[in-house]
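Here are some notes for a colleague opening this structure for the first time. They are meant to be read with the model on screen.

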Amino acid sequence: MKRALFPGSFDPITNGHYDIIKRGVKLFDEVVVAIGINADKKYMFSIEERKAFIEDAFKNQPKVKVTTYEGLTVDYCKDINAKFILRGLRNPADFEFEKAIAHTNRKLSKIETVFLLTAAKTSYISSSIVRDVIRNNGDYTVLVPESVRVKS
């Protein structure tokens, strides 16, 4: 089985994340959306809310699984037998950042990172932008899947 791990904080999942996952299931037998737990980070949404947003968005997609994890991403990949890490790239800054992580992960393990370019229509969206829009009572609904719109 070709299993890919798509790690992130997903605070909240955006239309950009949604697009990468939808495209990822065409490449892999299973995409595990793994919400990383970082005790030092402040989140807008609880881990349970973030997990529910993603599960609801992909409730009709059996190839998408949603989990949480702590620690190194490559260690979690080994735990669940994922041979690939899936990442989305919005811009050159993302590439430079993700490239360093991918090289480190490759040095620590045999896990390959697969990059997908975000769709032009979602390339400007980030979770931090969505949180700012929500905090300032703006219309965030065009930036996130329906599952986030109905629950936040």
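Buried here means under 20% relative accessible area. Please also bear in mind that this is a predicted model.

1. Helix α1. By that cut-off α1 is mostly covered, as seven of its 10 residues are buried. They are Asn15, Gly16, His17, Asp19, Ile20, Ile21 and Gly24. The cover over these buried residues includes β1, β2, β3, β4, β5 and α5. An α-helix has 3.6 residues a turn, so residues three or four places apart point the same way.

2. The start of α1. The helix runs over residues 15–24, with asparagine 15 in it. Its N-terminal end is capped by threonine 14, which has a side-chain oxygen 3.1 Å from the backbone nitrogen of glycine 16. Beyond its neighbours within four places in sequence, asparagine 15 is in contact with Thr122, Ile125, Val142, Leu143, Val144 and Pro145. Lysine 63 stands 48 residues from asparagine 15 along the chain, and the two C-alpha atoms are separated by 18 Å.

3. Most residues other than glycine have a negative phi, and most peptide bonds are trans. The loop between β1 and α1 holds phenylalanine 10 and also proline 12. Phenylalanine 10 has a positive phi, near 50°. The peptide bond from aspartate 11 to proline 12 is cis, with omega near 0°. Phenylalanine 10 counts as buried because its relative accessible area is 2%.

4. Another positive phi. Asparagine 81 lies in the loop between α3 and β4, and its phi is near 60°. Is asparagine 81 buried or partly exposed? With a relative accessible area of 42%, asparagine 81 is partly exposed.

5. In soluble globular proteins, nonpolar side chains tend to be buried together. The largest nonpolar core in this model has 27 residues, and Val33, Ile54 and Leu86 have the most contacts inside it. Two or more residues of this core come from each of β1, α1, β2 (30–36), α2 (47–57), β3 (64–69) and α5. Leaving out neighbours within four places in sequence, isoleucine 54 is in contact with Phe10, Ile13, Val33, Ile35 and Val66.

6. The second core. A separate core of 10 residues includes Val32, Cys77, Ile85 and Ile111. Isoleucine 111 is in the loop between α4 and β5, and it counts as buried because its relative accessibility is 5%. Apart from neighbours within four places in sequence, isoleucine 111 is in contact with Val74, Cys77, Lys78, Ala82, Lys83, Phe84, Ile85 and Arg106. Alanine 4 is 107 residues from isoleucine 111 in sequence, with the C-alpha atoms 9.7 Å apart in space.

7. The largest pocket. The volume of the largest pocket is about 1,000 Å³. Of the 40 residues that line it, Pro7, Gly8, Ser9, Arg87 and Glu98 are the closest to its centre. The elements supplying at least two lining residues each are β1 (3–8), α1, α3 (73–80), β4 (84–89), α4 (92–108) and α5. Which element gives the most to the lining? α4 does, with eight residues. By class, the lining has 16 nonpolar, 17 polar and seven charged residues.

8. The loop between β5 and α5. This loop holds threonine 118 and serine 126. Threonine 118 is buried because its relative accessible area, 15%, falls under the cut-off. Not counting residues up to four places away in sequence, threonine 118 touches Ile20, Arg23, Leu89, Arg90 and Ser123.

9. Serine 126. This residue is also in the loop that leads from β5 (112–117) to α5 (127–135). Serine 126 counts as buried because its relative accessible area is 10%. Its side chain makes a polar contact of 3.1 Å with the side chain of serine 128. With neighbours within four places in sequence set aside, serine 126 is in contact with Thr14 and Arg90. Arg90 is also among the residues that threonine 118 touches, and Thr14 is the residue that caps the N-terminal end of α1.

Note on methods
Residues are numbered from 1 along each chain as its sequence is written. This is a predicted model: local features need pLDDT of at least 70, side-chain atom pairs count only at pLDDT 80 or more; totals for chains, interfaces and linings use all residues. Side-chain values use heavy atoms; hydrogens and water are left out. Helices (H or I, at least four residues) and strands (E, at least two) are DSSP runs, numbered from the N terminus. Buried means under 20% relative accessible area, exposed over 50%, partly exposed in between (1.4 Å probe, protein chains only). A polar contact is a pair of N or O atoms within 3.5 Å; within protein, one must be able to donate a hydrogen and the other to accept it, and residues adjacent in sequence count only if both atoms are side-chain atoms. Contact means heavy atoms within 4.5 Å. On a 1 Å grid over the protein atoms alone, a cavity is a set of points where a 1.4 Å probe fits but cannot get out, and a pocket is an open set with protein on both sides within 12 Å along at least five of seven lines; lining residues have an atom within 4 Å of a point. Grid points are joined across faces, edges and corners, and a volume is the space filled by probe spheres set on the points. Ala, Val, Leu, Ile, Met, Phe, Trp, Tyr, Cys and Pro count as nonpolar, Asp, Glu, Lys and Arg as charged, and the others, Gly among them, as polar. A nonpolar core is a set of buried Ala, Val, Leu, Ile, Met, Phe, Trp, Tyr and Cys residues joined through side-chain atoms within 4.5 Å.
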